[in-house]
Amino acid sequence: MIADEPAKATSDAVFKDTLWSTTALLQDFVSSATRGDGAVVDLAAPPVVAQELQLSRRVRDGLDAGDFTDFLRAYLDRSIRLHHPGSLAHQVAVPHLPAALADLVHGAINNPMAIYEMGPAATTLELAVVNILLEAVGWRPQPLDAPGLASCGGGVLTHGGSLANLTALLAARAAAAPEAWDEGTPHDLVILAPAGGHYSVARAVSILGLGRRAIRHLPVDDLEVLRPDGVAAALDAIAAEGLRCMAVVANACSTSTGLYDPIGEIGGICRARGVWLHVDAAHGASALLAPSERHLLDGIEQADSVTWDAHKMLRTSGLCTAVLFRDVRTLDSAFAQEAAYLLYPHEQGGPDLLPRALECTKTGLGLKWFLALVWGEPGAAGRYVAQRYQAARRFHDLIVATPGFTSPFRPQANIVCFRYGDNDDLQVAIRDALLAEGSYHLSSTTVTGTRYLRMVVTPPATEEAHVRALLSRIRSVADRLVSGAPSAQTGTS
Ligand SMILES: *Cc1c(COP(=O)(O)O)cnc(C)c1O
């Protein structure tokens, strides 16, 4: 229709121009944060932020492409800067270019690929990515033309590790009590897990109807790492009570400390006794891609299921996770209600992954995963993991060599726990003071009852010089806090 052509030309130009100006602002945000310009974080209260974003006016008058750049500038000003070398608080990926590209592509095309006809490229990438990850664990990939074939591994991409853990435990329940889908969860099932497991595991157990009391905490050492001898003893105790172990859950690595449970030994015990082992490797599975770090996960192939987040150590934005199974049939029976689906009498063109997922509408996570795995020189993803893990060990060594600082362990992953002085409350006060200054963002945790500062070494820009500056900043903040001087903000970077 000729009459529509000028309008179309205009909207094409607006699309392109707006993307262009957005790109320029984002690039500036990323590069200035990477250089360490300005604050990592500047916490203003919601009324202040709403004012800066001119929300009332924009709700009233609307917002269009012409106004978007101004709005985005204000939005970025009040966003935390994960690329900043002082951004060391949480296990969140510092996204790189392919992550941004994948999100942009999805935002433009929205292929919700739960069924093949809604995204053949996205579905194929999901199958291909799952195969790459299965091989990294040491499991058999699935032929693309028979994704439910027995004797292969299997997996599904999910929106986050919490859903992945729920999916894995659902499959474990289906293996232990196939009748549970129709009849409800039987009362003799027990989960064995360390007390320091991620809270999503306890939630999943409650969601599955076992009740939180079905979790028994496994013995750990003084760094909260699982003791394999405790697993065998706990299994014996459960059997003596006439109960059944639905799953053993181990961490690789633990959220709080970044220490890996000895999954090889635990896996051997579980295989010998026919007990499901779920390895929650949301943070630490990416070390499978780093030859120098892979030994931390030795024996993982003995597990039954593994959770693996890309949005922690593979530089994708959230959420981007895989849950993998040694035997694809255990995944396909997780959602038992849908088992009849699996021969796909009505699927069009290729396999529908809907029966394997909790989500119905799902983003094309395969693209994000795929770009994270293959972008750049071969092996680049694993090299990043190794570099940050090794940097964390160097930073640890620097910290314990600095007077006044101690650390309970040398890191295995990129998480460093340390403290200044000998007072639990002081650690929290130091963290809060640094956060208020905006120069460094740390977190804090307890290890066997003692409070530590916690640093997650994720930004590629963080170097030894930043850690030295951080330590001297901590010392002066702490001295000020201890001497009771007014805690005025210094604005120092
Ligand atoms: C981060 C983490 C999770 C939760 O993953 P989300 O993707 O944030 O839902 C689960 N388990 C462990 C061990 C983690 O480190």
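**Notes on the predicted model**

1. One stretch to treat with care first: residues 487-493 have pLDDT under 50, and the model gives them 9 contacts beyond four places in sequence. Do keep in mind that this is a predicted model.

2. For the chain as a whole, pLDDT averages 93, and 95% of the residues score at least 70. Residues 339-343 fall below 50, with 6 contacts in the model beyond near neighbours in sequence.

3. Arg454 deserves a look of its own. This residue sits in strand E11 (residues 450-456). Arg454 is buried but has no salt bridge, and Glu224, the nearest side chain of opposite charge, is 10 Å away. What does turn up is the backbone oxygen of Ala89, 3.4 Å from a polar atom of the Arg454 side chain. Setting aside neighbours within four places in sequence, the contacts of Arg454 include Leu88, Ala89, Gln91, Thr255, Ser256 and Ile415.

4. On to the charged pairs: the whole structure holds 24 salt bridges. One of them joins Arg78 to Glu52, with the closest N and O atoms 2.7 Å apart. Arg78 is in the loop between helix H4 (65-77) and helix H5 (97-109), while Glu52 belongs to helix H2 (residues 46-52), so this pair ties together parts 26 residues apart in sequence. Both ends are partly exposed, Arg78 at 25% relative accessibility and Glu52 at 32%. With Asp42, these two residues make up a network of salt bridges.

5. Arg216 and Glu241 also meet in a salt bridge, 2.9 Å from N to O. Here strand E3 (residues 215-218) supplies Arg216 and the loop between helix H10 (228-240) and strand E4 (244-251) supplies Glu241, so parts 25 residues apart in sequence are tied together. Arg216 is partly exposed at 27%, as is Glu241 at 45%.

6. Trp308 and Trp369 pair edge-to-face, at 5.9 Å centre to centre and 85° between the planes. Because Trp308 is in strand E6 (residues 305-309) and Trp369 in helix H14 (residues 365-374), the pair ties together parts 61 residues apart in sequence. Trp308 is buried at 0% relative accessibility, and Trp369 is buried at 0% too. Elsewhere, ring pairs join Phe68, Phe71 and Tyr75 in a cluster.

Notes. Residues are numbered from 1 along each chain as its sequence is written. This is a predicted model: local features need pLDDT of at least 70, side-chain atom pairs count only at pLDDT 80 or more; totals for chains, interfaces and linings use all residues. Side-chain values use heavy atoms; hydrogens and water are left out. Helices (H or I, at least four residues) and strands (E, at least two) are DSSP runs, numbered from the N terminus. Buried means under 20% relative accessible area, exposed over 50%, partly exposed in between (1.4 Å probe, protein chains only). Lys and Arg count as positive and Asp and Glu as negative; His and the chain ends are not counted. A salt bridge is a side-chain nitrogen of Lys or Arg within 4 Å of a carboxyl oxygen of Asp or Glu. A polar contact is a pair of N or O atoms within 3.5 Å; within protein, one must be able to donate a hydrogen and the other to accept it, and residues adjacent in sequence count only if both atoms are side-chain atoms. Contact means heavy atoms within 4.5 Å. pLDDT is the predictor's confidence in each residue, from 0 to 100. Rings of Phe, Tyr and Trp (its six-membered ring) pair if their centres lie within 6.5 Å; planes under 30 degrees apart count as stacked, over 60 as edge-to-face and the rest as tilted.
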